[in-house]
Structure formats: C-alpha cells, structure tokens
Amino acid sequence: MAHHHEYLDRLAAVPLFADLDKDELDDVAALGTDIDVEAGRTLAKEGDVGSEAFLILSGSAVCTRDGEEIAVFGPGDFFGEMALLVHGHRTATITTTSPTSVRAFHRSEFDSLLDRSPKVGVKILRTTAQRLLHAEDSPHH
C-alpha cells in the first residue's frame with residue numbers, strides 16, 4: 001500500500017507527529033477524514049460550537065479573530081483543537097486562502113488521538129497554551 005506509506009510520511013513530516021514511531025503514526029493515520037476544499041471556504045467560525053479539529057496537509061488558511069488576522073496556517077499546522085479540549089466555542093475563524101487539503105478529526109477521533117498518543121496530546125496542549133499566551137499578548141479592541 002504505497003498510498004498508506006506516503007500518508008505516513010506526510011504525517012511524520014508534521015511537527016506535531018514528528019516524535020511518533022511507526023505504530024503511533026499508524027494509529028494517527030487510522031483517524032480522521034481527508035477533505036479537499038477550494039479557496040475561500042470557512043473551516044471554523046468564531047463563536048460556533050466546534051466538533052472537529054483540522055490538520056492542514058497542503059494549501060493555506062488564515063485565522064482571524066474579531067475580523068483581525070492573527071495567524072496564517074500552512075501544511076503541518078493543526079487547529080480547531082481548543083473548542084474540542086474544553087468542549088467550548090470556536091475562538092477564531094479559519095478560512096482557506098488557496099485550494100487546501102485538510103484531515104478532519106471529529107471530536108471522538110480527537111479524543112482517541114489523545115488517549116492513544118500521550119506524546120501528541122502533550123504537543124497539542126503545548127501549542128494551544130502558546131496560542132493562548134500569544135492571544136493574551138495581542139491587543140484586544
């Protein structure tokens with residue numbers, strides 16, 4: 001299954017999954033659904049209840065809060081996890097800026113990912129914490 005190996009290579013190239021061994025990568029690869037979207041598609045909307053987290057495989061997306069651009073995401077970036085971790089509302093809006101391929105992890109798959117791979121869980125939490133610190137630093141209007 002060359003396709004599967006190719007996919008594992010793509011996952012291994014994602015900083016989030018870089019420390020995982022092949023078995024752990026297999027676990028991650030078993031979760032999620034690949035979705036191809038055109039430019040200008042909203043993947044997450046600020047204030048909505050979130051039910052999925054996303055990993056960008058190719059393409060790009062912009063992250064805005066209150067209409068202000070706060071981040072640009074590209075291949076290997078993971079987002080949407082905050083609403084799943086706290087079962088809360090989206091903290092930002094994510095819109096694709098080019099044709100983009102993402103892997104979507106539904107809430108239950110995301111929970112499995114954290115259960116199966118504590119290393120990934122720790123990295124996701126670290127990324128989330130950095131984003132929260134960054135959000136505290138950024139000016140609010």
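**Salt bridges and strands in close-up**

Asp34 counts as partly exposed, at 41% relative accessibility; that class lies between buried (under 20% relative accessible area) and exposed (over 50%), using a 1.4 Å probe and protein chains only. The model you are looking at is predicted, so local features need pLDDT of at least 70 and side-chain atom pairs count only at pLDDT 80 or more, while totals for chains, interfaces and linings use all residues. Residues are numbered from 1 along each chain as its sequence is written, and side-chain values use heavy atoms, leaving out hydrogens and water.

**View 1. Asp34 and Arg103 form a salt bridge.** The closest N and O atoms of Asp34 and Arg103 are 2.7 Å apart. Asp34 lies in strand β1 (residues 33-37) and Arg103 in strand β8 (residues 100-106), so this pair ties together parts that are 69 residues apart in sequence. A salt bridge here is a side-chain nitrogen of Lys or Arg within 4 Å of a carboxyl oxygen of Asp or Glu. Strands (E, at least two residues) and helices (H or I, at least four) are DSSP runs, numbered from the N terminus. Is Arg103 buried or exposed? Arg103 counts as buried, with 7% relative accessibility. In the whole structure, a search finds 5 salt bridges.

**View 2. Lys22 meets Asp26 in a salt bridge.** Their side chains come to 3.1 Å, N to O. Both residues belong to helix α2 (residues 22-29), and because they are 4 residues apart there, about one helical turn separates them. Lys22 is partly exposed at 45% relative accessibility, and Asp26 is partly exposed too, at 25%.

**View 3. Lys119 and Glu24 join in a salt bridge.** Here the N to O distance is 3.3 Å. Which parts of the chain does this pair link? Lys119 sits in helix α5 (residues 118-137) and Glu24 in helix α2, distant parts of the chain, 95 residues apart. Lys119 is partly exposed at 41% relative accessibility, whereas Glu24 is buried at 15%.

**View 4. Strand β3 (residues 52-58) is mostly covered.** How many of its 7 residues are buried? The count is 5. Two strands are said to pair if DSSP finds at least two bridges between them. β3 pairs with β8 in the antiparallel sense over 6 bridges, and Ile56 has Val102 of β8 as its bridge partner. β3 also pairs with strand β6 (residues 78-79), again in the antiparallel sense, over 2 bridges. Leu55 has Phe78 of β6 as its bridge partner. In a regular strand, side chains alternate between the two faces of the sheet.
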